[in-house]
Amino acid sequence: MSDFEHLDYYELLGVSRSASFDEIKRAYRREISKFHPDRFVNAPPDDQAYASERSQRLTEAYAILSDFAARNAYNRGQPAERGARPPRPSTPPQQRDYQAELYDQAISHLGAGRQLQAIGALRQLQQINPFYRNSAELLAQIEAQLNHREERPPRRFRPLVIAGTITGGIVLVALAAWAIGFGRSTLASRLPASTAAPAAALATAAPTSAPEPTAPPTAAPTSAPEPTAPPTAPAGQVLLADGFNESGWATLSGPSWQVGYQGGRYRVQGDAGSGAIWSYRVAPASDVSIGVDMQVLSGEGGLLLRFLDANNYLSVVLNPSQTSYRVEQQRGGALNALAGGQSEAINAGADASNRLVVRVRGDALQVFVNGQQLADVVATSAPDAARYGLLVIAKDTASEALFDNLEIRAAE
């Protein structure tokens, strides 16, 4: 018997018995995205069988609870027309916990100094559950340690090329090449729908207007003063440039979301109700300026910054159809609006391209769109995580964005 067989339909979806249809729908999308068989095509047979059985059970639960008559019959403990099974016993059986096994394997590899093997176990765990314990944070820490090796001569890894004549050697070569680059690791997933900004937060966000030109001095100058130029996007030393040449970023999909390369750009897409969909990598440093060209085909899209986990990160999103922007902080699971409003600097329309640049230094954020500064805000104890990402927020409507010409510069 599987570890979820004892759960009734409400427990399986993680909703209360009084949940609305919309809550049930969102819960189904959330759970099915974790266990859809397409995500386990390369997993061991036992994992594939587990995912198949659980996804079928989730679909069965959604079919019953989304049907008024069938749900009433189910609540009364009567057989429903769609073949719903009655609630299961409350005592769960002892069952193999694959997520815990992968996590324990990673810890064991770390204790033995096998960092690459630990990364492999953690990446498998992230594919199943991106938010399992501190796996995301642990993975980022190991990646950061390996990134420091980039200063070593590449020839250190040449013995692995010799071993490439066997299957295991080929894997090691791939891992070695991945370890010496900036942020070669990547993860794509979705944040819970609750992380999308609530309407109240948007309504109370104080719009940040573009700064006024500096007033000329009152003393009579000997010559006509030059007007003070408006702030422009920061330009420090280039640490990383990415033209999205179909290497490094994840290509994954779920029932209601998709990330991957498309026509020389990177695409992130989410159906309505799927929440925040993101794909992230490790940056060369935590204090940097990150810029990207962005075409938001629908909804909202932007940058994920200082990403620690699903409950702690910074984000900046644009909605070109409304020429609006929003700066937010997710801290300890609570979402706070730091700034927002409308600006003529944002090019409007689904065909428009906008250059979004965000400089993060400590707790301070400066936001630039098409060279014009829109916000200068201070977060509350922003996480010191050198991870960034590309995201869309698909709450009430679907969202889709294409990203190009990503560049990371040293923060000056």
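1. Some ground rules. This is a predicted model, in which local features need pLDDT of at least 70 and side-chain atom pairs count only at pLDDT 80 or more, while totals for chains, interfaces and linings use all residues. Residues are numbered from 1 along each chain as its sequence is written, and side-chain values use heavy atoms, with hydrogens and water left out.

2. Confidence over the chain. The average pLDDT is 75, and 73% of the residues score at least 70. Over residues 150-187 the pLDDT is below 50; that stretch has 52 contacts in the model beyond near neighbours in sequence.

3. The overall make-up. The chain has 10 helices and 16 strands. These are DSSP runs, numbered from the N terminus: helices are H or I with at least four residues, strands are E with at least two. Of the 412 residues, 47% are buried. Buried means under 20% relative accessible area, exposed over 50%, and partly exposed in between (1.4 Å probe, protein chains only). Among contacts with a separation of 6 or more, 66% join residues 24 or more positions apart. The accessible surface comes to about 19,600 Å², and carbon and sulfur atoms hold 51% of it. That area comes from the Shrake-Rupley method with a 1.4 Å probe; for residues, only the protein chains shown count as cover.

4. Helix H3. It covers residues 45-65, which makes 21 residues. From first to last C-alpha it reaches 30 Å, close to the 30 Å expected at 1.5 Å a residue. The expected span is 1.5 Å times one less than the number of residues. Buried residues of H3 include Asp47, Arg54, Arg57 and Tyr62. Their cover includes helices H1 (9-13), H2 (21-35), H4 (68-75) and H5 (98-111).

5. Helix H2. Its 15 residues should span 21 Å at 1.5 Å a residue, and its end C-alpha atoms are 21 Å apart, which agrees. Among its buried residues are Ile24, Tyr28, Glu31 and Phe35. An α-helix has 3.6 residues a turn, so residues three or four places apart point the same way.

6. Strands E10 (residues 324-331) and E11 (residues 334-342) pair in the antiparallel sense over 8 bridges. Strands count as paired if DSSP finds at least two bridges between them. Tyr325 stands opposite Gly341 in E11. The hairpin has 2 residues between the strands, and Gly332 takes a positive phi near 60 degrees.

7. Salt bridges. The whole structure holds 11, each a side-chain nitrogen of Lys or Arg within 4 Å of a carboxyl oxygen of Asp or Glu. Asp293 and Arg355 meet at 3.1 Å, N to O. Asp293 lies in strand E7 (residues 288-298) and Arg355 in strand E12 (residues 354-361), so the pair ties together parts 62 residues apart in sequence. Arg355 is partly exposed, at 22% relative accessibility.

8. Further charged pairs. Arg326 and Glu328 meet at 2.7 Å, N to O. Arg326 is buried at 6% relative accessibility, and Glu328 is buried at 3%. Arg409 forms a salt bridge with Glu407, with the closest N and O atoms 2.8 Å apart. Glu407 is partly exposed at 23% relative accessibility. Salt bridges that share partners also join Arg30, Glu31 and Lys34 into one network.

Definitions and conventions:
Contact = heavy atoms within 4.5 Å. pLDDT = per-residue confidence, 0-100.
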